Amino acid sequence: ACTTCRACEQVCPVAIEQVPRIVAMRQGQSLMQGEYPQELNSALKGLERNGNPWGIGYDKRADWAQGLDIKTMAQDPDAEYLLWVGCAGSFDDRAKKVSVSLAKILIKARVRFAILGKEEKCTGDFARRVGNEMMYQMMAMENIETLNTYKVKKIITACPHCLNTLKHDYPQMGGHYEVIHHTRFIHGLIQGGKIRLNSSFGGGLAYHDPCYLGRYDQTYDQPRSILSSLADQGLTELPRHGKESFCCGAGGGRMWMEETMGQRINVERAQEIASCGVENLAVACPFCLTMVEDGFKEISRNEEIKTFDIAELVAQNMI
């Protein structure tokens, strides 16, 4: 049931690292005993056959970018930045809108970037967290070979799970890159005067800290700085935020599994957000976006509370 959110490690008074041990136990179950939740089969087959847990044809990975005139690394191997779109940003209809918004921001700021297109595959984060280490290593080696062939040095990504894997896991296998989350990068563009925002976004606005961006990457201030600069009513903090933020329920492979114990995590989080009386919620992770929106639907508050990725809000409010 572990979502690998690391909240337990955050509060542990003797700094025990529980999550790596839980993942190691999952590896033992999956690889040695062949015992793992069968509901994962569809997503794992999708990874094996098409390089993404949705199982959608890999040749459609760049379809979200149609009409934006974005080059691939094959077309522009000297691009300064690689935009790592990720599986959700490539295939999930809701997350594709975030990819488009981020691309528009980079184009507006005249950032020279490119994507891998159909050469990109899942980082393998999902496979590693559910214990299928063999599949993770196969995917990681393929991606690292592709990245090193193009001599990629700098990577931007909107997915904290991709960020964590590319930044912290890939160096173990020879993949050394400067990886930055889109909130940090956008904050840098604003600070450097590359893009300007108006502060006319109306209505109460709160921010949900993704576990893999906050506790894993210590990124707390930049998203809040961006949101505070465009919200005319300021930013409302949720009861559990920052280092003590509450998980959306999708990490550790739980995105692809059903919850069978107690109340669903995303529903509890949705109820907590709704109790704050805000009309808008900002997130910075495609999994959080899906889970929280689904939570609002579950409690029939999806018409009252709108959920946005930070990139969408920035793209809507650029001058």
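**Salt bridges, ring pairs and a surface patch**

At 13% relative accessibility, Arg128 counts as buried, where buried means under 20% relative accessible area, exposed means over 50% and partly exposed falls in between (1.4 Å probe, protein chains only). Its salt-bridge partner is Glu133, with the closest N and O atoms 2.7 Å apart; a salt bridge here is a side-chain nitrogen of Lys or Arg within 4 Å of a carboxyl oxygen of Asp or Glu. Glu133 is buried too, at 11%. Salt bridges with shared partners tie Asp125, Arg128, Arg129, Glu133 and Asp169 into one network.

A word on the model: it is predicted, so local features need pLDDT of at least 70 and side-chain atom pairs count only at pLDDT 80 or more, while totals for chains, interfaces and linings use all residues. Residues are numbered from 1 along each chain as its sequence is written, and side-chain values use heavy atoms, with hydrogens and water left out.

By the salt-bridge rule, the count comes to 23. One of them joins the side chains of Glu80 and Lys154, at 3.2 Å from N to O. Glu80 sits in the loop between α3 (41-50) and β1 (81-84) and Lys154 in strand β3 (residues 154-157), so this pair ties together parts that are 74 residues apart in sequence. Helices (H or I, at least four residues) and strands (E, at least two) are DSSP runs, numbered from the N terminus. Both partners are partly exposed, Glu80 at 42% and Lys154 at 24%.

Lys96 is partly exposed at 23%, whereas Asp93 counts as exposed at 59%.

Turning to the rings, a search of the whole structure finds 5 aromatic pairs. Rings of Phe, Tyr and Trp (its six-membered ring) pair if their centres lie within 6.5 Å; planes under 30 degrees apart count as stacked, over 60 as edge-to-face and the rest as tilted. Trp54 and Trp256 have ring centres 4.9 Å apart and planes at 85 degrees, so they make an edge-to-face pair. This pair links distant parts of the chain, 202 residues apart: Trp54 is in the loop between α3 and β1, and Trp256 in the loop between β6 (235-236) and α12. Trp54 is partly exposed, at 28%. Ring pairs also bring in Phe126, which forms a cluster with Trp54 and Trp256.

Two arginines put their charged ends over rings: Arg6 over Tyr216, 4.6 Å from the ring centre, and Arg240 over Phe246, at 3.9 Å. The rule asks for NZ of Lys or CZ of Arg within 6 Å of the ring centre and within 35 degrees of the ring normal.

On the surface, Leu31, Met32, Met134, Met138 and Met141 form a nonpolar patch with about 580 Å² of accessible area together. Patches are made of residues with over 30% relative accessible area and no salt bridge, like charges being joined within 9 Å and nonpolar side chains (Val, Leu, Ile, Met, Phe, Trp, Tyr) within 5 Å; areas come from the Shrake-Rupley method with a 1.4 Å probe, and for residues only the protein chains shown count as cover. Helices α2 (18-33) and α7 (133-149) each give two or more residues, with α7 giving the most, 3. Leu31 lies in α2 and is partly exposed at 41%.
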